[in-house]
Each structure stands twice: as C-alpha cells, then as structure tokens.
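Subject: Structure for you to look at, with notes

Dear colleague,

Here is the structure that I promised to pass on, together with my notes on what was found in it. Please open the model first and keep it beside you as you read.

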Amino acid sequence: MGAVTEAAGTHPQPAARPPVSRILRVTGPLVEMEYTGGIAMYDLVSIGPAGLPGEVVAISGDVVTVQAYEYTGGLAPGQTALPQGRPLSVRLGPELLGGIFDGLLRPLSGAGEWLLPGAHRGSAGERTWSFSPLVTEGEQVAEGQALAEIRDAGPVQVKVLVPPGCGGTVDEIATAGDRPLDTVVAVVGGTEVPVGALWPVRRPRPVRERVDSHDALNTGQRVIDLLFPVARGSTVAVPGGFGTGKTVLLQQIAKWCDADVIVYVGCGERGNEMADVITELAELKDPRTGGRLTDRTVTIANTSNMPMMAREASVYTGVTVAEYFRDMGLDVVVIADSTSRWAEALREFASRTGDLPAEEGYPAGLASAIAAFYERAAAVTTLGGDRGSVTVIGAVSPPGGDMAEPVTAHTERFVRCLWTLDRDLAYARHYPALSWAGSFSRDVPVLAAGHRTAGDPVWARRRDRVGAVLAEADRLADLVDLIGIAALPARERISVLAGRLVREGVLQQSALSERDAYCGPEKTAALADAVLTVADRCRELVDSGIPAASVEEIDFGPVLRAREDTGPHDAAGVATRRDAMLARLGEMWP
Amino acid sequence: MKTPAPDFQTTDDALSPVRTELLRAAHADAEATLARAEREAAQLVHQARAEARAVVGEARRQGEADGADAARDLLVQARRHARSHTLAARRETYEELRREAAKRVGGVRGTDRYAAVRERLERRARLLLGPGAEVSEHTDGGVVARAPGRRVDLSLTALADRALDRMGAEVRSLWEP
Amino acid sequence: MSPSDEIEYTKVRELRGPLVVVEGVAGIGWDEYVRITLASGERRHGVVLDADRDLAVVQVLEGTAGMDPEGVWAAFSGSPLRVPVGTDWLGRVCNGRGGPLDGGPPVFGSDTAEVGGAPINPVRREPPSEPVLTGVGAVDALTTLVRGQKLPVFSVAGLPHLELAAQIAAQATAAGEPFSVVFAGMGLTHADASFVRDALEERSAAGELVLLLNTADDPVIERILTPRIALTVAEHLAFTEARHVLVVMTDMTTYAEALREVSAARGEIPARRAYPGYLYSDLASLYERCGRIRGRPGSVTVLPVLTMPAGDITHPVPDLTGYITEGQIVLSAETHARGVYPPLDALSSLSRLMRKGAGPGRTRDDHLDVAAQLLAALARARQVRDLADLVGQAALSPTDRRYLDYEDAFLRDFADQRSDEPRDLDTSLERGWRALLTLPRSQLSMLPAHLLDAHGAKDTPDKEVSS
C-alpha cells in the first residue's frame, strides 16, 4: 500500500521539449517559423511572448507552417516560438460533464469577460473526485478495462480506464478517496494512469470493433422518430438556411434525446444563443435521471467571433470527448452547429497557405475531411468489451439556401440520415420545418428489423403509411393549386384532408410547448395511429355517399389538439381523443 | 509586443518641464476663450428659445398647428450653432497649445541647454538606426538621421508634436471643469 | 536594437492597389497600425497585412494614389490600432477614421482600446431580456428590438431605409435608463450624410450621439475601420460608462464591398461572388460585439442596415448577415409603392429575441398575443388578396372580404407613420387592436376572451374603422 501513496500525488513526466524556434512570418492565423529540429506534423507550438497555441500544418525545408488558434495581432517576425513536442491534445476527465469550454477544450467558466489572446483560461483541475477502485494490486487487466469509478460525477457513470495500448499487471492502485484530476491513481504494466487522460484530438480513440446498431436514438421529435429515425452510432446532417429553425431543432435534440452524454459543439454560431443554451440547460431537469440536463452535457462554445481556427479544432475536440465517454460503454451524441463554419475555417487556412483551391475556394481535401469527421461516429464494442456509441449530428448552413454548394453536397454523400429544413415550411410556421420530401434515413431498414425483433412489426408499416399519406397529399396539392379543391373526386379530397391532419396533428411540434416539446415513442405511435384511423373513417364516410365538403367542415380539434393536450408519454390520452373524434364522425353515418 | 528602448524617455524628458509649464499657461488662456464661447453659445440658445416662443405664439394666434415644428427647427439650429461654437473654441485652444508648444520647444534652441539636448538627440538617433547613421541638423533645430531604408526625425517640431500626442487625455483638462 | 515608432522606414519595394510593401523592417507585428508620411508632408494611415521576415505588406486606408516609392516614410505604431474611448465622443461628428468633422479638436479619451475588440466570453453573456423601444410602431409592436440584440434592416436601393435608421437612432429609448446611439455611416452620399446629421441633431445636442460618417468619396478602405471604431466606442460607453448603446451601421453592403476590394488586391482566393471566404467571420466579428455582460451595467444593441443588390436575399451579404443576426427587419418595395412608411414587410420580418424582450413584465401583457394575431391575420389577408386577384372580389366570402379591410387598416392605421413621429408602444398596440377589430371576433382566436371583451370585439364589426 505504501507504494500507492507515493504514486498518488505524482504527475506524469512531461516530455523533453524540442529547441526554441523563431518566427519568420505572420499573416493572420498563418505563422511561419524556423525548423529547429524535433518538430513533427500536427505538433503543438506555443507562439510569441503571449504563448498563443498553434499547430504545425506543414514542414517544408527549414520552414515550419503553423496554424495559430488565437488572434495574432502584434506578433512579429523574430519573436520566439516554443514547439511542445506533442500533438494538440485535450485532457479528458469527469469535469467535462456540465462544463463549458472553448474549441481547444479550455474551460470558459474560469475565464474573464473578454477572451484575450494567450490569456490564462482558468483551470478545472482544482477540485478533487471521489475515486473508488474496481481492481486490486497484482490483478491482470487489459486495455480499455475499468480500473476505478468516479462516484461524484453526477448521473453519468464515469470510469477510469486502462489506456489504449497498455495493460498487464496492476502494479499500484490508489485507495478510495478524493483525488485531483492529474494525480496518478494507478500504475499498470509500468505505465502511470492519472484520473484524467490526455488524448490527441485528431486521432480516433481505438475500439475493439465497430458493430451494427439496431437501436434507434429517440430524439423526442415526432417527425424524426416517426419518419427519419437515426440509429445509435449513425450520422445525420441537418441542412437549413437561416430562419429555418435549425438551432432550435438541434437544441431540442440536445435536451431531450435519450443518449447518456451530449456533446454540444457551438461552432461559429451566435453568442447570445450560446448564452441561452447554457442558461436553459442549467435550469432544465433530465426526465430520465431527475438531475439537471447540464450534468450530462459537455458544451464546447466557439462562437462566430471567437478565433476562426479554433473552430477548425472544435469539431475534433468534440468528437474526442464523445469517444472518451463512449469507451466507458455509454451512448453519446455529438451535435455540431454548424459544420459549414468549420469548413469555412478549413478554406480560410488553405487559402492562406496557398493551397490550390477546388470548388468555391474550398480546398481539394474538403470531401475527405468531411468524410473522416463523420466516420468517427460508430456503434462499437469498446476495448473493455462494452457496447457504446457516438452519434454525430452536424448542422449545415448552405449559403443562399443553395443545396448544391460543396459542403452540403459532400456532406449528403457521407451521412446516413439527412434532415433537410425547408424555408417554405418555416415561413408557414410549420415547425420543426423538416421537409419530408427532401430528407432521408438510411437507418430505416435496420431499425425496422430491430423493432420486429423487439416484437413491434407495426412500426415499419406505420412509417410507410404516414409517408404515403404525405406524398399523396403533396402530389394533389399541386393539382389543387391548378384546378381548385372542388374539382377533385371525393376520395382524393379526403387524401388532401389526411395530409393536413398528419402535418398539423402529428408532425408539428412546438419547442416552446410545456407538454409537447418532447414526445415519447408511445405517444408518437398513438398520434400517428389516431390520425390514420380518423382518415380511414373519413374515407369510409365519403365512400358511403357523404359529400366530401361536409367531411372537410368537421371540427377535427380533438385529434389536432391531442399533441398539445396530452403529456409526453400519454398514449392513452391520445386514444381517448381519437375515440371522441371517431364518435363525432360516427354521428355523420347515414 | 515591443519594449521601449531603455532611454525611450529621454526625448520626452527634455520637454517635460516645458510641458507642465505649457499646460498651465494654456489653461489660463483657454479659460477666457472657452468661457466666452460658452457664454455666446448660451446666448444663442436663449435667443432661439425666445424666437421659438414667438413663433409658437404667432402660429397659435393664426390658428395653425404647425408652429411647433418651426419652433423646434429653430431650437435645433440654435443648438447646433451653439455646439459648433463651443467645439470651435476648444479646437482653437488646442491649436494654440500646439503652436505654443512648438514655439517653446523651438526656444530651447537659443539657450545654453540646446547643445546638451542636441547631443542627446544625436545619441538617440544612433541608438535607433545604428552607429553608422548619418545625422544632420534640422533647419528648425534638432536632428534628422538616415540609414539605408530608414530615417528618424528628431527635429524639435516633430518632438513637440509627438509630446503633445502623448499628452492625449491631459489636453482634455483644458476644457473640462 | 529596439524597434520604435520613431523609426520611419523609407524603402518601398512595391506599390499595388491599396498595398505598399515596405522593405528592411524589423520587429514589425501583424495587424500593426502604420502612419505614413509622404514627401509632400501628407499623412496617410495603414495596417500591416503580412509581416514576412524583413518585409511588411501595408494596406493604406486612404489608398496609394499619388504615392511615389521614393517618398514614402512608414512609421509602425507598435500595436494594432487603438482609439481613445470615453464620453468625449458623445455629441461629436467625425469621419470614418474618427477625425473631427464638426470643427472641434480631436477626440481625446479617458482611455484607449483596440478597435478589433476581443470576443465576449459566451459564459459571461447575459441573455437579452429587455426591450429598446424605437418609437416606430410597426417595429416595436411586431419585431421588438431587445437590448443586446443584433437585428439588421434588409432593404433595396430606393427604399427609405436610411430614414428608418435615422428615425430609430433619433427616437430609441431604454425605459428612461441612460441611452446613447453610435451611428456609423459607410459610403454615404453627401446628401445622405447631411440628412443624417439633420435628423440626429437633437440627439447630438443632447450629448447622446456619436456620429461617424464615411462618405462615398472618402477612401474605400477606411470603411473597414469605421464600424470597428463605432463598436469600440460603444462597448466602452456601455460596459464602462453604464449606458444602453444602440449602434446603427449603414450600409453593410458597402462595407463588404470594401472588404472585397482589399481581398482582391491581396490576390486572395475568392469565394461566393468574389467576396472573400472569411466574409462570414468578418461580419460576425462586428455583429457579435453586441450583448450584455453578467454583472455589468449597459448593453450594446446592433442595428446593421444593408441593401440587397437587385433585391436578392441570397446575396452573400444579406445571407451571411441572416445567419449571424437574431432576426431581420425586411423592407418591401410593394408596401413602399402603396405609400406606407415605414414599408415593413411584416411577414418576412422577425425578431428572434422578441419573446424574451416583450410581453408581460417587459412591455405590455397583451403585446405578444396582439403581435401574433396581427401577423396571422396579415398572412391570411395576403392569401385572400391573391385569391381575389384570381377569382375577383365578388366571389369572396364575407369573412374574406373583411380580411381585405383588415389589410388596409393594418397598413394605413397601424403601420403607417410619419418619419419624424415618435409613437409610444401603447398607441401602436391600440392601433393594432383597431385594425384587428375590423375582423369578426371568431377570427381572433389568438387573443384571450377577456381582452376581446375589453376591446369590444364584435361578431360582425362595423364596416369602417376610424383612423
């Protein structure tokens, strides 16, 4: 035991630093410095007297090109630059939960009112964590296996794992007790393991294997869960012009989806909006744990006026944080709003380095960069043998609403689900303004199989029927515009009516609603079934000779208001309203 | 960030007794000018107010409602005049201060302190441009130094200008109570 | 050897567009401010765009016209541009670089600040929650401006956006709390500039206005500086001097064109419509300087005005602005043609923060309901009008015909206002009510029954409303 107390309190050995270099050129975020040996690609560099962080992006002859992550005003050739001898890495630990960080994962809570370049961003390492070992000295452990639990990290089960590429005998393990983040709490096969782990953001954390996922991520948004569901470990792009409610939709998912951990990356977005998210998450209760939503959320806030290059790193930082929690056997969702701003940062830097531009000035590597980012999403068996997943949801902001522009076009190719937000729907105040004609989910077959296995064969049929109703109503809408509703045959008039009932009674969902901002799967199913049944009954009515106009004039209030009038899981309440509606229709029977 | 040279202060120091004295003198002059300007400005507004009252009264007698607009225009005009009067007076005192500063700094030239000042300036020039710099006397006093691709203007007028620029906020005290 | 702003560099390697490449420099930092003296004694100013070994590429704000490489002396200030800040700015009229235009002395400040500003820590932001009342009825009632918000005006050439901007700048208040306006005009014609000066004279005389005017014949590059100076002055007035500050910036399209010009001169790879790829970030670096800060008094509210070239809302400037700002006020040529001022396109306009800054405890209890009802009814009125165009008025149902009356009342009685008329919110909402009461009570489903009773809503309203 004595050895353990010695181990506890020591810090990991810092690597030897390469020699000091000198700045040759500064133009915006591009800094060139002398190659002085011991510098590798993607190494971190501390630039100038303020020690601005930067990353090596090219080495050519004796000139090293560095991408600076902060404003470089006043930085001059001749000043020193200190290569750090390690790649851009972040420290992963329990303090991430509930925290708010910048694009390089430096805590913002401790920082000042204005973010000055090079200023110390405070440290979250002050507090201690309730450490509780799960293994004993002398035990054999493999990489990814849990060594200990952190007991006071909130509702999320945080574990200390054997680092990847390490394993063997537990030489030392600390006793239960409060430990600061950077304390070595174990020695495994000669390697020191601290509470928090340092990991380079651009390198995916290893897993045992990628697996197929049959589980849906329940987002609580009906149009998604019903029509365009996403599997855990899958990828989604959400393209939408400004004013289409993109950020509101993503925030709804961040609040209500049934993942264990949410990593929200505000990448080049609005400061006030970020402030709002932060305030709201701190106030809202998690329906599943009863804790605060913020306790399962990691927020990375890199607003549009914060340094552009940190935006480039922020999406990798976000996904690395997600992988860290995934490796504990958790389901994690990364929401990146917006990946277009990230792509713009790529373009900006490529243009400074004089890279040959491809479409619209974006670098030729844009498509592969997007693909590589989304590939970090996966459902996996972790090194420790648990099931975990990282689902990536990326917003895309097409300039001028142009869906053919490079970022949107490439992203569409690499994601499994596409939730396209439509300006016309938003203009008509139909929220979420998710276009059923312009969206897709390639996860539907596996999820349908999953539902079937779980004893719910109706799921896929319900989805198909709702989709068919919408498609038919859309087709007829064009016709109605041309010739007027009165010219349509009665059955088709009922199809138009059915479309309206599905749109208003099922798909619309207000983020501001107290009871309906979140909708459980059972209520979603009940609402869809109710509307479909009512539509069927209407069709029977006109088939029996009742004029379509009379049916259209019926007050469908009970089914249309059911979504607002019932709680998030109240399928029975929906059924009651459906029955009331059917009774009303029954009165029409000749 | 740059650090100033060790004897960065020297050129400023040469002026510092002048500077304090200068500001004191300027204060005395400015007070009179500015007070007069304020009085005149107040007078303008006062007058306009009276006229505006008259306009409104007249309009009312004639049963018109538009008097208020005309009266407001009058007041706005007057306030603009008053304001520009005050601002012009402030600029006047400020420019006077600049002229006076230039004169006093130039005056150093006639004194026995000048030789020492000039020598300090020359030293400063060589410190900035290197020992090889070619230093020559400026026609207004002080020196100008040149080296390939660079020059330094340490003429007395340039020094006075720079010193005043550095005074910045202090100059405001001329017109602030 | 120590660099100092006393050294003037005299060796110019190249002059190209607005750029000067100075050779033989040492220790010059990127983005440093530069003072350039020409042989004639003329002073110009610039910013370092590239500090490359012993070369400094300087962008000259006043342009390089008349510059001879033999007679250029460049002195580097040692830091990015700083401007004096403080209450001395209030009541002053200056050019786009902050030099006096009002016959006064230079503006001195209690302090100086870097014009680029620093990003506000999002964690320290206070979400906006109180209104700025502009005295423009349609704006206050339908797209309430909230303290700390950024809300642009989208317009097209020929519409009275400058009048609207000036009116808002002249009339806006923050419930009696100290309030100031910083008005930054970029590329204004002399006629427009003098219009703005006249319209804002009272506010200026009251010591509540800072006016920065870069006119159309002023150096183009200077426009890049103008909004930054405005915002720097505003931030100090807000967060140090405890005022609520409204920053009006017009025309942002002109600003973006200046940015494009510099980008082209630097040979940068262009993105959409030849605007630089960093246009989004650049605009964000301006717009995002609005806000409130926890534990500090004051607020900065930003109202950028921009003209959409050829009325195209997908043009990069309105498009990127729309992505950054919290809503937009859109002006409509059609409404303008009907003789209504301000010609608001109410259905396309939106203040995303309105819900937080208006309603119970903020403005008036019925504000949000009335606004929602006004817009819903207007949307319906539009559909009816389209229908009427198709089938003729006679074929409309009685209710539909009421909607045509409503639209008329909405435009004439509610939206229309004189450009020198401050209208308080109560009056505006009452006019809104009056317009709504042209509709049968059954059509006013968004308004609670007790309010409908109080306003005497009828099942079949009288034909004409008094206006």
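How many residues does the contact take from chain B and from chain C? The contact takes 24 residues from chain B and 27 residues from chain C, where two residues count as in contact if their C-beta atoms, placed from the backbone, lie within 7 Å.

Before going further, please bear in mind that this is a predicted model, in which local features need pLDDT of at least 70 and side-chain atom pairs count only at pLDDT 80 or more, while totals for chains, interfaces and linings use all residues. Residues are numbered from 1 along each chain as its sequence is written, and chains are lettered from A and ligands numbered from 1 in the order in which they are written.

**Chain B against chain C**

On the side of chain B that touches chain C, at least two residues each come from helix H2 (67-107), strand E3 (150-155) and helix H5 (169-172) of chain B; helices (H or I, at least four residues) and strands (E, at least two) are DSSP runs, numbered from the N terminus. H2(B) gives the largest share of that side, ten residues. By type, the side of chain B that touches chain C holds ten nonpolar, four polar and ten charged residues, with Ala, Val, Leu, Ile, Met, Phe, Trp, Tyr, Cys and Pro counted as nonpolar, Asp, Glu, Lys and Arg as charged, and the others, Gly among them, as polar. E3(B) also pairs with strand E1 (residues 7-9) of chain C in the antiparallel sense, over three bridges (strands pair if DSSP finds at least two bridges between them), and Val152(B) has Ile7(C) as its bridge partner in E1(C).

**Within chain B**

According to UniProt, in an unreviewed entry, residues 20-54 of chain B carry the feature "coiled-coil region"; annotations of this kind may be inferred rather than shown by experiment. In the model that span is 100% helix and 0% strand, with its end C-alpha atoms 50 Å apart.

**Chain A against chain C**

Here the contact takes 48 residues from chain A and 49 residues from chain C. Strand E1 (21-27), helix H4 (271-283) and helix H6 (339-352) of chain A are the elements that give two or more residues to the side of chain A that touches chain C, and H4(A) supplies the largest share, seven residues. That side of chain A divides into 20 nonpolar, 19 polar and nine charged residues. E1(A) runs antiparallel to strand E5 (residues 43-52) of chain C, joined to E5(C) by two bridges, and Val26(A) is partnered there with Ala51(C).

**Within chain C**

Strand E2 (residues 12-16) and strand E3 (residues 19-23) of chain C run antiparallel and are joined by four bridges, with Leu15(C) opposite Val20(C). E2(C) and E3(C) form a hairpin with two residues between them, and Gly17(C) in the turn has a positive phi of about 55 degrees.

An unreviewed UniProt entry places "domain: ATPase F1/V1/A1 complex alpha/beta subunit N-terminal" at residues 17-69 of chain C, a span that is 0% helix and 51% strand in the model. UniProt (unreviewed entry) also gives "domain: ATP synthase A/B type C-terminal" for residues 357-453 of chain C, where the chain is 63% helix and 0% strand and the end C-alpha atoms are 26 Å apart.

With best wishes
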